[in-house]
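Q: I would like to learn how to read the fold and the aromatic pairs of a model. Can we go through one?

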Amino acid sequence: MTLPEKGFGEVRVRAGESRSVPLTPEIVGVLRQWIDQAGLKPGDLLFTGERGGPLPSSVYRKAWKQACEAVLSGEEHEAGVGERVAILRDSCLDLWLKAGVPVWVVAGWAGLSASWFAQRYPHRFQVEDVELDWEHVAKVMALPDSLNR
């Protein structure tokens with residue numbers, strides 16, 4: 001992780017192929033405070049299992065379930081809101097796309113293909129949402145002068 005005093009940070013993710021994912025300044029602040037309070041040193045894990053190793057996925061799934069039960073209404077829970085931990089990731093990806101981050105950048109951060117995004121988030125790629133400079137398109141697509149005789 002890179003956690004600067006100010007601005008965006010970065011976390012290196014090693015699920016499959018290693019990649020960098022940005023951290024907002026707010027998240028950087030939370031992580032810096034967490035690390036300071038816990039007295040962690042470089043190389044220490046932020047979240048550890050009972051025996052000090054990596055946190056098992058079953059533990060954070062259980063924590064996610066408890067958090068959802070604590071904050072969601074019965075209707076929300078029955079509708080499937082918060083059903084999967086991965087919904088946090090999906091929501092983040094959608095927010096990045098909505099903010100105008102290019103799809104190939106978001107795809108790189110997520111370790112996914114741009115075509116996956118087109119299938120998963122088709123609503124982010126609507127033609128009516130795109131402003132085109134039609135005069136520029138016409139110039140680029142124009143036939144060479146040699147053909148206009």
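This is a predicted model: local features need pLDDT of at least 70, side-chain atom pairs count only at pLDDT 80 or more; totals for chains, interfaces and linings use all residues.

A: Residues are numbered from 1 along each chain as its sequence is written, and side-chain values use heavy atoms, with hydrogens and water left out.

Q: Which order do the elements of the protein chain take from the N terminus on?

A: Helices (H or I, at least four residues) and strands (E, at least two) are DSSP runs, numbered from the N terminus. Here the order is β-β-α-α-α-α-α-α-α. The radius of gyration, taken over C-alpha atoms, is 22 Å, well over the 15 Å that the globule rule (2.2 Å times the number of residues to the power 0.38) gives for 149 residues, so the protein chain is more spread out than a compact globule.

Q: How is a pair of aromatic rings described?

A: By the distance of the centres and the angle of the planes. Rings of Phe, Tyr and Trp (its six-membered ring) pair if their centres lie within 6.5 Å; planes under 30 degrees apart count as stacked, over 60 as edge-to-face and the rest as tilted. The count here is five aromatic pairs. W34 and F47 have ring centres 4.9 Å apart and planes at 75°, so they are edge-to-face.

Q: Where do W34 and F47 lie?

A: W34 is in helix α1 (residues 25-38) and F47 is in the loop between α1 and α2 (57-71), so the pair ties together parts 13 residues apart in sequence.
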